[in-house]
Amino acid sequence: TCVQASAWGEEPYILHYGIDFNIGVDYNWNKMMYKKLDLYSCQGQFFGPPPKPNSRRERYGAFVVNTLNGAFCDFYNTHCNASAPFECPPSERPTGAHLECDDSNHACWSWALDDQCELNKAFMENSCKR
């Protein structure tokens, strides 16, 4: 992905999103981990929202994740026959107190994309409530 200087006010940069992005201490993302992701199944699957970035590299990684999530949301809402619009994920992981419906592990979204909701249903229902 190449972004021109006018969009960011900086020199153009290139993102190769086939490499690992670490954002904060507990968020790792690499598109190659999500080979099972199928937009056409219209299940409303998204990448988990990243935590607040702390560096330029982390901002670029968050930009890739949020750009893809935005594109997925547009796709789902224009190509899937859902009874209600798909809710797009936030661009930043919410902070604060955990609610009863919160995931107990930051990797829940990653496991869900890997079909673990079906393969390990009891664990996911208990640990990954979102």
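Q: Where does Asn69 sit in this predicted model?
A: Asn69 has its place in helix H2, which covers residues 56-79.

Q: Why is Asn69 called buried?
A: Its relative accessibility is 3%. Buried means under 20%, so Asn69 counts as buried.

Q: Which residues does Asn69 touch, not counting those up to four places away in sequence?
A: Asn69 touches Phe46, Phe47 and Pro89.

Q: What makes Arg93 and Asp26 a salt bridge?
A: Their side chains meet at 3.1 Å, N to O. The rule asks for a nitrogen of Lys or Arg within 4 Å of a carboxyl oxygen of Asp or Glu, so the pair counts as a salt bridge. Arg93 lies in the loop between H2 and helix H3, and Asp26 in the loop between strands S3 and S4, so the pair ties together parts that are 67 residues apart in sequence.

Q: What makes Cys42 and Cys80 a disulfide?
A: The S to S distance is 2.0 Å. The cut-off is within 2.5 Å, so the two are joined by a disulfide.

Q: Why is the disulfide of Cys73 and Cys88 called left-handed?
A: The torsion about its S-S bond is about -65°, so the disulfide is left-handed. Cys73 lies in helix H2 and Cys88 in the loop between H2 and H3, so the pair ties together parts that are 15 residues apart in sequence.

Q: How do you know whether Cys73 is buried or exposed?
A: At 1% relative accessibility, Cys73 falls under the 20% limit, so Cys73 counts as buried.

Definitions and conventions. Residues are numbered from 1 along each chain as its sequence is written. This is a predicted model: local features need pLDDT of at least 70, side-chain atom pairs count only at pLDDT 80 or more; totals for chains, interfaces and linings use all residues. Side-chain values use heavy atoms; hydrogens and water are left out. Helices (H or I, at least four residues) and strands (E, at least two) are DSSP runs, numbered from the N terminus. Buried means under 20% relative accessible area, exposed over 50%, partly exposed in between (1.4 Å probe, protein chains only). Contact means heavy atoms within 4.5 Å.
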